[in-house]
Amino acid sequence: MSSEWLSKILTTDTSWQVLAEEAALVDPLRAKIFNITSDNVAEVIQRKRDLLKLVFPDFSQFCQTTLKTQPQGMLQILWDVWLPLAMKIAAQHQQLGKPFIQGILGAQGTGKTTMSMILSLILQHLGYRTLSLSLDDLYKTYSDRLDLMQQDSRLLWRGPPGTHDIHLATSLLDQIHQGNSPVIVPRFDKSAYGGMGDRTTPEVIMDDIDIVLFEGWFVGVKPIDPIAFLTAPPPILTNADRQFASDMNSQLTNYLPLWERLDSLIVLYPTDYRYSLAWRKQAERQMIATGKSGMSDAEIEKFVNYFWCSLHPELFINPLIQSSAVDLVIEIDADHSFGKIRKTISNY
């Protein structure tokens, strides 16, 4: 659907209706995922249109203040992905009949945080109390991570498996599932201690929470057979690299109780995992251009390779998206645009 047609949805013009209905049914797989049929397509499109008109003022402000872009340029993705996805999550919550925990897995640059924020905005307009939670909020304290580094000097940066407080995370999600209130939500300040980061003032939520959007770079990732590390792809090259990857794999076992609390898992999947490196370099250059400090290309490569050594996407993400643990896979292309949406990689 063209931006011109989309713009008409925000007016009283109804010439877009038939075109919108036809577009919604063009991709049978996407239509099935979002529960759109020839019988209900008119009703679904009308609901989407009503919701679009409701959220657009806040969405417009979010685009301009947070994303630093014009909302018209984001209208296509709002209509095609974010609105139907929010409606799907709302329906899953209603069917479950209790707080719904939606996991969102995505590598750096895939837009998981942005998507979480926009879904939260839409769900709030639908009347649901929504909590955005990041895996980053669940890091161990600065002091505890210093102790970790003394025990294992390979833990140079926060982020790999083992650097999070899993007990805190499971306790939080259990309180939400049980409908307890108030709920104390941990928050993390990445700028503390010269960028090492530490816990900051937690957020106290007095009302019951309907939906949690829980995002992170390895949310839902499970351990694999260690034999895979014998023929691992670069940058896992040396025996030390393979040992590090194997040890991080073992750490993932401790996260399984946390993943069991997810009611659904969405994966934002770059069609080439190496896009993350290019995206990070682009982001750092943009930051430097504004006068802020940033990493050099060599430093970025060292940083990204470190995380690829810990949990390599080819080894951990590819098997995951072929499993029943994932409910939805959204492909991300090199230009950050959304590609195919499918249940698993075996859908096509």
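We'll begin with the whole chain and then step inside.

A word before we start: this is a predicted model, where local features need pLDDT of at least 70, side-chain atom pairs count only at pLDDT 80 or more, and totals for chains, interfaces and linings use all residues. Residues are numbered from 1 along each chain as its sequence is written, and side-chain values use heavy atoms, leaving out hydrogens and water.

Show the protein chain as a cartoon: you have 13 helices and eight strands to look at (DSSP runs, H or I of at least four residues for helices, E of at least two for strands, numbered from the N terminus). Zoom out, and the C-alpha atoms fill a box of roughly 65 × 45 × 45 Å along the principal axes.

Now colour by burial. Buried residues, meaning those under 20% relative accessible area with a 1.4 Å probe, protein chains only, make up 48% of the 348 residues.

Next, select Ile176, Val212, Phe214 and Trp259. They have the most contacts inside the largest nonpolar core, which has 54 residues. Such a core is a set of buried Ala, Val, Leu, Ile, Met, Phe, Trp, Tyr and Cys residues joined through side-chain atoms within 4.5 Å. Highlight helix α12 (residues 297-310) too: it gives this core its largest share, seven residues.

Stay with Ile176. Which residues does Ile176 touch? Leaving aside residues up to four places away in sequence, look for Pro99, Ile101, Leu131, Val183, Ile209 and Val212; contact here means heavy atoms within 4.5 Å.

Last stop: select Leu75, Tyr128, Leu268 and Ile332. These are among the 50 residues of another core, which lies apart from the largest one.
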